[in-house]
Every structure is written in structure tokens, then in C-alpha cells.
Amino acid sequence: MRVLILRGERHRAPNGRHGDSGVIAFGSAGQWLLVNVSAPVAQRLDAGNLPAGLPGLADPSVRAIVLTDPQLEHVGGLLALRRGAPIDLYVTPAVFEELSIHLPVLPALQHYCGVHWRVVPVAGDCREATFRIDGLPTIEFTALATQAPPWPHVQQQRAVVGDSIALVVTDTETGVSVFCAPGLAHPGPQEIEWMRRCDCVLLDDPRPRPGRMPAWVEWVDALPARHKVMLADADAPQADRLARLGVAVAADGMEIEL
């Protein structure tokens, strides 16, 4: 299993949130799944502006995408992919509703490349669900309901199960696994327990501030994972402190082979 991080142009939004936490791609045997799709990275995909040695990523017959939540930084690139292959979109019912009604990206895409909704059944009393992706038969995905900060365009005032998810991605042939949580601010006991089982953890800081460390920094060094990566931007002092804790800061083209 290959894990690839793609970044667009880095910038910090006026409200302090990072503008691009990147797109995470999981690949095996020339097939790829994208976790979220930011506008800058989608423009690179559309133009074929990608690192070499990644067959199937720029020109798939069907593009598979999992969205962890409906925030603009994670879904803003969907329209940029409208001229490409049909999209198999794996989202929870809550995210599907948000992108169909309140931020109607999906109805627009149906007039171009077409979108096939693949339900990630995290909703109601179901806070955890396992699913597979067509074309990646040896990789298993487990979606975990998480709590994320509210985003300005989201109409749902009361949080519901499935508003946001984290992913555990497991190679069933080798047993290695990745914990992937873009947008997760405060991991709870369930998420921390899953992290302890994983070989690689990809963490975020939805509200980065210069000189301020993410909430998880106090216990991340205790995780047994071989690879620990922060998806958000970090200034030099933050990056130095994270490095001392064994945490790398995500860079464009960073690849982890597990």
C-alpha cells in the first residue's frame, strides 16, 4: 500500500484556518483513492501536473474519492474534476445531504462527469462502518464518526453522526494500517485507541496559530506508529518541536510505503 500526500499552494485563511491540508491518496497496483479534494490539488490533477511514477492517478477510468466532511477546503476541488472520469464518491448520508442541498456541488457535477454515491453508513446509532473500494480489493476502510469544529457554510446547527469521519485504512495482505483524520481537532478515546493500533497516523490542526501546538502534541510521542505526519502547515519553531517528537510535517509529494 502506498500513501501519497499532495499539496497545493499554501496559504492561511483570514480566520486562521489553513487553506489546504492537502489530498491524501492511497494506492495499490495502479489504482488510487483520494481522501478529500482541495481546489489547488484538483487543478493539478486536471492538468496532469503530478510527480512521476504514479500510474493511474492522473488518468483513471473512474476516480474514487472519500470525503471526511463537507468543509470547503476538503470538497472545493470537486468541480475542477468535472471534465474527467466519472466519480465514485464515498460519503456519509450527512455529507451527501450537505453537498446536495446546502452546498449543491453534486447536482452540478451530474451534468458533467457524473457522480455515483457510495454510502458510508455512519449515521444515527452507527458510529463505525467498514467498506471497500472497487479496484482496491486488498485494502479495507473503516470510517469512524468524529467531532469537528463547525464550518461557516454548514446549515446543520446541531451536530449529527456522520458530519465528519476519520479513516482507518488497512492492507489486508500485510496487516499494516493508517489512521487518517483531516480536520480532526480533538481526538477522543475511540480515535486514540485506533491510533495506537496503526503503523502510520496522519493528524491535522484545523485552527493553526503561529507558536501554538496542536492539542494532540502532548501524547503523540507515546504512539507506537512508525510514521507520524501533521497535515497542517507549521512554522519553523513548531516544525522543530514536532520533529523532536518524531512527527513530520506534510510536504507535497511525500510518499509513505507500507
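Predicted model: local features only at pLDDT ≥ 70, side-chain atom pairs only at ≥ 80, totals over all residues.
**Cores**

I began with the largest nonpolar core, which has 34 residues; F26, F131, I133, L167, V178 and L202 touch the most other members. By nonpolar core I mean a set of buried Ala, Val, Leu, Ile, Met, Phe, Trp, Tyr and Cys residues joined through side-chain atoms within 4.5 Å. Buried stands for under 20% relative accessible area, exposed for over 50%, and partly exposed for anything in between (1.4 Å probe, protein chains only). Strand β8 (residues 136-145) gives this core its largest share, five residues. Apart from it I found another core, of 30 residues, including L6, V37, A80 and V115.

Residues are numbered from 1 along each chain as its sequence is written, and side-chain values use heavy atoms, with hydrogens and water left out.

Next I looked up L167. Leaving aside neighbours within four places in sequence, L167 is in contact (heavy atoms within 4.5 Å) with V35, V66, F131, T142, A143, V178, F179 and C180.

**The sheet**

I then traced an open sheet of seven strands in the order β6-β5-β4-β3-β2-β1-β14, with mixed pairing. Strands (E, at least two residues) and helices (H or I, at least four) are DSSP runs, numbered from the N terminus; two strands pair if DSSP finds at least two bridges between them. β6 (115-119) and β14 (254-257) are the edges, each with a single partner strand, so one side of each has no neighbour in the sheet.

Going through the pairs, I noted that β1 and β2 run antiparallel, joined by five bridges, and that I5 stands opposite I24 in β2. β3 and β4 run parallel with three bridges; V35 faces V66 in β4. β4 also pairs in the parallel sense with β5 (residues 87-91), over four bridges, and there R63 has I87 as its bridge partner. Both faces of β4 are covered, with R63 and I65 buried on one side and A64 and V66 on the other.

**Helix α1**

Last, I checked α1 (residues 39-47), where V41, A42, R44 and L45 are buried. Seen down the axis, these buried residues fall within an arc of 155° (taken from the directions from helix axis to C-beta atoms), so they line one face of the helix. Their cover includes β1 (2-6), β2 (23-28), β3 (31-35) and β4 (63-66). The face turned away from the buried side carries the exposed Q43 and A47. After α1 comes G48, with a positive phi near 70°.
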